[in-house]
Amino acid sequence: MAPHRLSAWLEGFAERHGGSVPSGMPERVVGDDGIAADLQYFEHDPLGVILVRRGGYAVGRVRGGRLLVHKVGTRYVQSRTAAGGWSQQRYARRRDNQVDELVGAVVDHAVRILVDLAHTPEETGEIPIGGAPVTPGLVVGGDRQLVAAVLSDRRLGSLVALPRRTLFDLPDPNRAVLETAIKRGMAVRIALSDPPA
């Protein structure tokens, strides 16, 4: 759920399940009927986004909910073949080379767009919104192994320790998928549970 809709959702929860409307940003809300809602926030700004699948990639930098700079691209990585023997080995080597090229391209763009994300506002020239301290975060998605390969590059070492939200269910990245990832990355996650038996 988008953070700006949370207060309305909490009011609706209290109407449906009883209880008072909590103030602020509660981590858990329990209605009079025993239904509970656990809320998980991801309040980090700026945000780095890295999405990668065998069909393409997207890298973006988000500040105050706005996409400041991004790069979206495609790379061909052939699928597995049923051929055996030398042909299978040749195709496997070609596929591995194509994966290496894809990972290399994503790393290069991430270095250019995101490598200073974990630095202080004074170092990057970014001004904290409302004077609040900058706490950067990272949203990753797509193929789990390819994301791990990208983040294993030593040039992206400053990103590895950042708070992270994962979205491995995303399709091949494009601009629309990048925008979706930003919204989901900033969203409040809500898990509802039934009252104990």
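**A walk through the chain**

Along the sequence, the pattern reads α-β-β-β-β-β-α-α-β-α-α-β-α-β. That makes six helices and eight strands. Both are DSSP runs numbered from the N terminus: helices are H or I with at least four residues, strands are E with at least two. The model is predicted, so local features need pLDDT of at least 70 and side-chain atom pairs count only at pLDDT 80 or more, while totals for chains, interfaces and linings use all residues. Residues are numbered from 1 along each chain as its sequence is written, and side-chain values use heavy atoms, without hydrogens and water.

The chain has 197 residues, and 40% of them are buried. Buried means under 20% relative accessible area, exposed means over 50%, and partly exposed lies in between (1.4 Å probe, protein chains only). Take contacts between residues at least 6 apart in sequence: 64% join residues at least 24 apart. A contact here means heavy atoms within 4.5 Å.

Next come the charged pairs. The structure holds seven salt bridges. Each is a side-chain nitrogen of Lys or Arg within 4 Å of a carboxyl oxygen of Asp or Glu. One of them joins R61 to D116, with the closest N and O atoms 2.8 Å apart. R61 lies in strand β4 (residues 56–63) and D116 in the loop between α2 and α3, so the pair ties together parts 55 residues apart in sequence. R61 is buried at 6% relative accessibility. D116, at 26%, is partly exposed.

Helix α2 spans residues 85–114 and includes E101. E101 is partly exposed at 48% relative accessible area. D108 forms a salt bridge with R155; their closest N and O atoms are 3.3 Å apart. D108 sits in helix α2 and R155 in the loop between α4 and α5, so this bridge ties together parts 47 residues apart in sequence. D108 and R155 also belong to a salt-bridge network with D153.

A further bridge pairs R184 with D169, at 3.1 Å between the closest N and O atoms. R184 is in helix α6 (residues 175–186), and D169 is in the loop between β7 and α6. R184 is partly exposed at 31%, whereas D169 is exposed at 54%.

The largest pocket holds about 280 Å³. It is lined by 15 residues, with P3, F42, E43, H44 and M186 nearest its centre.

Note on methods:
On a 1 Å grid over the protein atoms alone, a cavity is a set of points where a 1.4 Å probe fits but cannot get out, and a pocket is an open set with protein on both sides within 12 Å along at least five of seven lines; lining residues have an atom within 4 Å of a point. Grid points are joined across faces, edges and corners, and a volume is the space filled by probe spheres set on the points.
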